[in-house]
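Let's look at the pockets of this protein together, one question at a time.

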Amino acid sequence: MSKIGFISLGGTISMQQSAKGRVPKLGASSLLQSLPQLSEIEVITYETPMMPGASLDLELIHSMAQLINSALEKVDAIVLAQGTDTIEETAFLLSLLTRSDKPIVVTGAMRGADAVSSDGPANLMNAFLIASTQSTRHLGVVVALNEEIHSPYFVTKTHTSSLGAFESYDVGPIGFISEGVVTITSLPCLPRFPNLSFIERVFPAVGLIKASLGEDARVLEAAAELGYEGLVIEATGAGHLSEKWVKPLADLAQKMPVVLATRVPKGKVHTKTYGFPGSERDLLSRGLLPSGYLCALKARLLLIVLLAQNKKREEIKHMFYQVY
């Protein structure tokens, strides 16, 4: 019999209607009551704070990673339910902060627990199937919703309300659940990050700035004064910015790590194609670091963790040049 740990952080999967709208109400034990099929799995519940996904923070996810690292010494896998607003970020952060390759299945719901055709029970049941399947025993962190399994490196939320809100651009799902059977179809060959689970200090402030048409550089000039220790720039196209941004960013890159990401949902940040002022080659030559296929949200989390480990500048540079 599989022994699975279950953590619920709230979110839509736990929400029921109130006079003010949907709010988190159902804890881990209550959510399990909708799944009588789990009789063949030993489930150990961990009662944790419940909140909407948008209210989760780095410190809480770090504490969840520590709980998971400890729990996985005693259980075969973990299922974590939370709000879908930030699943793509929390799953990626957990993949950095956890040490085991045992399954850690992150799931949620797009409809409340008392909604017509709520997707929560099915998503939760599938998460337990993934966690207890022999073929997934070295899967590590994954996201599972709508009968699909996604890598935390690529998954993103693409719709505000659709049951099929989660996609993995460029690669697609790594597996599926159909008729109660888990099938892993492809595993992306991801960069091998060193052990990032040991955090040496408080998570630093890292800003994320999105480029837009005609935006001037005032926000860049204020970044250092605001106490940021790093920046992620969500650039246009393959990693391009207005020529007006070049000097302020070059100056900032001498003071802190500045990562170049793209606001385009598919494709990677280029490194050697364009040569005009503000192109990716120009910006990288001035000290910016490419995020590869890693979206800006996840590039920010990686940079935060590296800084919280007191990684030196060259170590951070090496890390970002190996992502793709």
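Predicted model: local features only at pLDDT ≥ 70, side-chain atom pairs only at ≥ 80, totals over all residues.

Residues are numbered from 1 along each chain as its sequence is written, and side-chain values use heavy atoms, with hydrogens and water left out.

Me: What volume does the largest pocket have?
Reply: A pocket here is an open set of points on a 1 Å grid over the protein atoms alone, where a 1.4 Å probe fits, with protein on both sides within 12 Å along at least five of seven lines; lining residues have an atom within 4 Å of a point. Points are joined across faces, edges and corners, and the volume is the space filled by probe spheres set on them. For the largest pocket this comes to about 890 Å³.

Me: Which element gives the most to the lining of the largest pocket?
Reply: Elements are DSSP runs numbered from the N terminus: helices (H or I, at least four residues) and strands (E, at least two). Two or more lining residues come from each of α3 (87–97) and β7 (141–145). With 3 residues, the one that gives the most is α3.

Me: Which domains each give at least three residues to the lining of the second largest pocket?
Reply: This pocket has a volume of about 450 Å³. Among the residues closest to its centre are Thr156 and Glu234. Domain bounds come from an automatic or database assignment, and the two domains are domain 1 (3–184) and domain 2 (206–323).
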